[in-house]
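Thanks for coming. I will go through one structure today, and you can follow along on the screen.

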Amino acid sequence: MSRYLVLEGPDGCGKSTQARALCEWLGGLGHRVLHVREPGSTPVGEALRQLLLSPRTGELQPVAEALLFSAARAQLVADVIAPAVRAGTTVVAERCWLSTVVYQGIAPGRGGGDALDVEWLLDLTRRVHGPVLPDAIFVLDVPPALAAARRQARAGDRFEARGDGYHDRVRAGFLRAAAGEVRAAVVDSAWPFPSVQASLRALVGRLLP
Ligand code: TYD
């Protein structure tokens with residue numbers, strides 16, 4: 001039986017590396033696995049990713065950002081995730097609508113004033129996903145200082161380049177959003193990579209047939 005699993009969390013939480021290792025492990029157990037990322041993993045999604053993450057884009061209105069991220073998600077769910085799940089493939093996705101709730105709803109770039117109504121974002125999400133919803137969302141929680149150190153190894157995108165106060169709000173936003181989402185579980189990711197991977201495997205193992 002296929003599963004749709006999501007890794008979430010602030011920039012620098014390690015979700016890409018953990019997702020790759022999780023896919024390798026699932027493949028080794030004999031599962032067919034597909035690794036996708038949001039925004040991206042479709043032609044339209046990758047074009048929108050380019051636009052959304054490039055520092056050259058400048059500031060966007062949170063409502064414009066939410067719609068563009070959601071457009072990328074709509075293509076990904078309909079064209080890639082739904083067919084894969086139907087065909088018995090387990091999908092490991094980096095990010096989902098929880099990121100939209102946090103980045104555009106709870107902690108928008110320009111401070112609290114532009115925060116979008118979370119109920120509106122959830123309504124939009126319901127239209128984007130229809131019945132195709134993740135079985136589990138693992139929110140990798142790391143202290144902002146550790147996430148910043150991990151981010152330093154790479155060139156920052158529009159979101160990563162924002163100041164420390166912003167990253168504190170994002171972390172708190174993820175914890176708040178996770179508390180309100182039945183599919184979400186918080187995974188302490190301040191531990192070294194192998195410990196976090198072991199926690200994820202234990203959690204995913206419970207969902208496997
Ligand atoms: P990410 O894929 O984590 O990029 P990288 O692997 O290079 O770190 O994230 C892309 C950025 O987009 C990240 O800063 C969070 C942001 N984002 C939103 O603001 N809203 C969304 O709905 C999504 C999916 C991502």
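Strand 1, residues 4–8, is mostly covered, with five of its five residues buried. This is a predicted model, so please keep that in mind throughout. The cover on strand 1 comes on both faces: Tyr4, Val6 and Glu8 are buried on one side, and Leu5 and Leu7 are buried on the other.

Which strands does strand 1 pair with? One is strand 3, residues 90–94, which runs parallel to strand 1 and is joined to it by four bridges. Within that pairing, tyrosine 4 stands opposite valine 91, and leucine 7 stands opposite glutamate 94. Another partner is strand 4, residues 136–141, again parallel and again joined to strand 1 by four bridges. There, valine 6 is opposite isoleucine 137.

Now the whole sheet. As background, strands of a sheet pair through backbone hydrogen bonds, either parallel or antiparallel. Here we have an open sheet of five strands in the order 2-3-1-4-5, and the pairing is parallel. Strand 2 and strand 5, the latter being residues 184–188, are at the edges with a single partner strand each, so one side of each has no neighbour in the sheet. On average, neighbouring strands of this sheet are turned by 20° against each other, direction ignored. Helix 7 lies across strand 1, strand 4 and strand 5, and runs at about 150° to strand 4.

Next, the helix packing. Two packed helices are described by the angle between their axes and the distance between the axes. I have two pairs to show, and helix 4 is in both.

On the helix 3 side, the contact uses Pro62, Glu65, Ala66, Phe69 and Arg73, which meet Trp97, Thr100 and Gln104 in helix 4. Sorted by class, that contact has four nonpolar, two polar and two charged residues.

The second pair is helix 4, residues 97–106, with helix 5, residues 118–129. They pack at an angle of about 150°, and their axes are 10 Å apart. Helix 4 and helix 5 are therefore also roughly antiparallel to each other. Their crossing is right-handed. Which residues of helix 4 and helix 5 meet? From helix 4 there are Trp97, Thr100, Val101, Gln104, Gly105 and Ile106, and from helix 5 there are Val118, Leu121, Leu122, Thr125 and His129. This contact divides into six nonpolar, five polar and no charged residues. Trp97, Thr100 and Gln104 of helix 4 are listed in the contact with helix 3 and in the contact with helix 5.

Let me turn to the backbone. Most residues other than glycine have a negative phi, and most peptide bonds are trans. A few places in this model depart from that.

Where is the cis peptide bond? It joins glutamate 38 and proline 39, with omega at about -10°. Proline 39 belongs to the loop between strand 2, residues 33–37, and helix 2, residues 43–53. Serine 41 is also placed in the loop between strand 2 and helix 2. Serine 41 is not a glycine, yet its phi is positive, at about 65°. Its relative accessible area is 27%, so serine 41 counts as partly exposed.

Arginine 95 is another residue with a positive phi, about 80°, although it is not a glycine. This arginine 95 is in the loop between strand 3 and helix 4. Is arginine 95 buried or exposed? Its relative accessibility is 10%, and it therefore counts as buried, the cut-off being under 20%.

Alanine 153 has a relative accessible area of 74%, so it is exposed. Along the chain, alanine 153 and glycine 12 are 141 residues apart, while their C-alpha atoms are separated by 9.6 Å.

That is what I wanted to show. I can go back to any part of it now.

Notes
Residues are numbered from 1 along each chain as its sequence is written. This is a predicted model: local features need pLDDT of at least 70, side-chain atom pairs count only at pLDDT 80 or more; totals for chains, interfaces and linings use all residues. Side-chain values use heavy atoms; hydrogens and water are left out. Axes are lines fitted to C-alpha atoms, for helices over the stretch in contact, and angles run from 0 to 180 degrees between N-to-C directions. Angles under 35 degrees count as roughly parallel, over 145 as roughly antiparallel, 65 to 115 as roughly perpendicular and the rest as oblique. A crossing is left-handed if the near helix is turned anticlockwise from the far one by less than a right angle, and right-handed if clockwise. Contact means heavy atoms within 4.5 Å. Ala, Val, Leu, Ile, Met, Phe, Trp, Tyr, Cys and Pro count as nonpolar, Asp, Glu, Lys and Arg as charged, and the others, Gly among them, as polar. Buried means under 20% relative accessible area, exposed over 50%, partly exposed in between (1.4 Å probe, protein chains only). Two strands pair if DSSP finds at least two bridges between them.
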